[in-house]
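Have the structure open while you read.

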Amino acid sequence: MIFIRPKFKGRPSKEEQFSEQLTGIREKLYRLAYCYVKNEQEALDIVSEATYKGFLAYGKAQSVTYFDTWMSRIVINAAIDHIRRSKRSVSIEDYGKELVASEPSTSTEEKLDLYEALDRLVPDEKTYIILKFFTDMSFREMAEVLDISENTVKSKFYRILNKLKAQLIEGEVDER
Amino acid sequence: MTGKERYDRIPIPDRLDDVMQDAQKRAATRTRRFSSASRLAVAAAACVVLLLVVNVPAVSHAMTNIPVVGKIVQVLQFGGGGERTDGVAVDTAVVEENTLRIGFGSDGQATTKVPSYTVKQKDAPNRLIFTFNGTREFDYDKVEQDLRGLSLVKDVYRNVILDDSAMRFVVELKNGVTHTITEFREPAGLELKLTQGAAEKPYAVYGLRSEEMPMGESLAMLEELYGNEDLSFVKVASGEYVAVIGEYRTQEEAEAKLREVEEKAGIGVGESEFGVESWMSDERP
């Protein structure tokens, strides 16, 4: 009898692992990047930079448990760096137009057009709104992505939200 | 439409896949280039240790006296000469003020021809870069000590080189010092003669330089990665070293060179280990 050694497919290389996992979240990463710049080309630049950095870091890392969370953090950092480099970052006080109140409602998201409100926030602040309202993350997940404590996430998030609400109220008063 | 709905409807461009693939390819290329350079650097480091431990006594036995006669092969200021050898011992002797004779021997006898060598001359700062090949028995400490004994020499330092049979060192000269190198055969020798000329008025130089680092693996990797460029290592004020590419008279030329280097390396703007810097020609970067 002749035994033929079965041809096993080898374990995927780190490059293959990275590529495979990235494919599953590529749209999410693009949308995340897009929210910061609201421009297709710039969002692609950010995703490209994050992919490049992620690939290099993945090769050196012993293991990456939560790939999605890990890559989101890299995209966020790349987006903030991109804005800082482009010197597009403008403090909230510099924005001329007021927040527009939508139809009266009790929900914060319905009250504020948060997608528009992003334009009034500095890059770091945008992150909290995007992660909480658009990617539906819990505070615990946000804490993992941002690598800070859950309590810090909560306090920063509510501070930003209060700032937006205050602007909304001022806008409403001015309209009257 | 709520913010969340607008977020979910952000259109995904067709190019997204290509952009991400390209970024991975760029990163993969860079990883491969670094890992091959690392392997070579580790091998070189091991060889340097071997060289220091094994070969120093052999040099002292090889040449007790350096012959100072011989037939002139050529006189040069920069360039190269000699022939391929293996395991040649190297020693030096000061033959007159500011003239140093480098002798070569094997099995206790002076060799007839100089081993393969190159000499590069750089201006900012004024320095000579010697590289000898096929010289496994190289008493570098003695060479450095004798060179430092010459009054027109400002500094001498060794360079890491990813070849276990080669030796490279830099002789930094004082401002206005000129030199000639004479190659001899039968017996083999190189004579470095330094002369004080008129001091040159210092001028601003622009070049590409890396971060400061110790002389070692990281610098060797840079040479491996940017080997096709006119790259050299320069000692800086802190006592550490930088890799330098080019010496230009204008910032524009240096910036154009940086773009060219990054393009050739297949990396994006600002992704190389180099930045443009200016320094005075008689000073260290």
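## A sheet in chain B

E13(B) and E16(B) run antiparallel to one another, joined by six bridges. Helices (H or I, at least four residues) and strands (E, at least two) are DSSP runs, numbered from the N terminus, and two strands pair if DSSP finds at least two bridges between them. One pairing to look up here is Gly207(B), whose bridge partner in E16(B) is Glu277(B).

A quick word on the source: this is a predicted model, in which local features need pLDDT of at least 70 and side-chain atom pairs count only at pLDDT 80 or more, while totals for chains, interfaces and linings use all residues. Residues are numbered from 1 along each chain as its sequence is written, with chains lettered from A and ligands numbered from 1 in the order in which they are written.

E13(B) also pairs with E15(B), again in the antiparallel sense, over three bridges. There, Arg209(B) has Val244(B) of E15(B) as its bridge partner. Zoom out and you get an open sheet of four strands in chain B, in the order E14-E15-E13-E16, with antiparallel pairing. E14(B) and E16(B) are the edge strands, each pairing on one side only. From one strand to the next, the twist averages 50°.

How well covered is E13(B)? Mostly: five of its six residues are buried, where buried means 20 or more other C-beta atoms within 10 Å of a residue's own, exposed means 12 or fewer, and partly exposed lies in between, with C-beta atoms placed from the backbone.

Contact here means C-beta atoms, placed from the backbone, within 7 Å. Axes are lines fitted to C-alpha atoms, for helices over the stretch in contact, and angles run from 0 to 180 degrees between N-to-C directions.

| H5(B), residues 251-265 | touches E13, E15 and E16 of chain B | about 15° with E13(B) |

## The loop at Val236(B)

Val236(B) sits in the loop between E14 and E15 of chain B. It is partly exposed because 16 other C-beta atoms lie within 10 Å. Leaving out residues up to four places away in sequence, Val236(B) touches Glu212(B), Tyr241(B), Val242(B), Arg284(B) and Pro285(B). Of these, Arg284(B) is 48 residues away in sequence, yet 5.4 Å away in space, C-alpha to C-alpha.

## Where the chains meet

Which residues make the contact between the chains? Chain B puts in 20 residues and chain A 25 residues. On the chain B side, the elements giving two or more residues are H1(B) (3-8) and H2(B) (16-62), and H2(B) gives the most, with 11 residues. That side of chain B splits into 10 nonpolar, four polar and six charged residues.

Note on methods: Two residues are in contact if their C-beta atoms, placed from the backbone, lie within 7 Å. Ala, Val, Leu, Ile, Met, Phe, Trp, Tyr, Cys and Pro count as nonpolar, Asp, Glu, Lys and Arg as charged, and the others, Gly among them, as polar.
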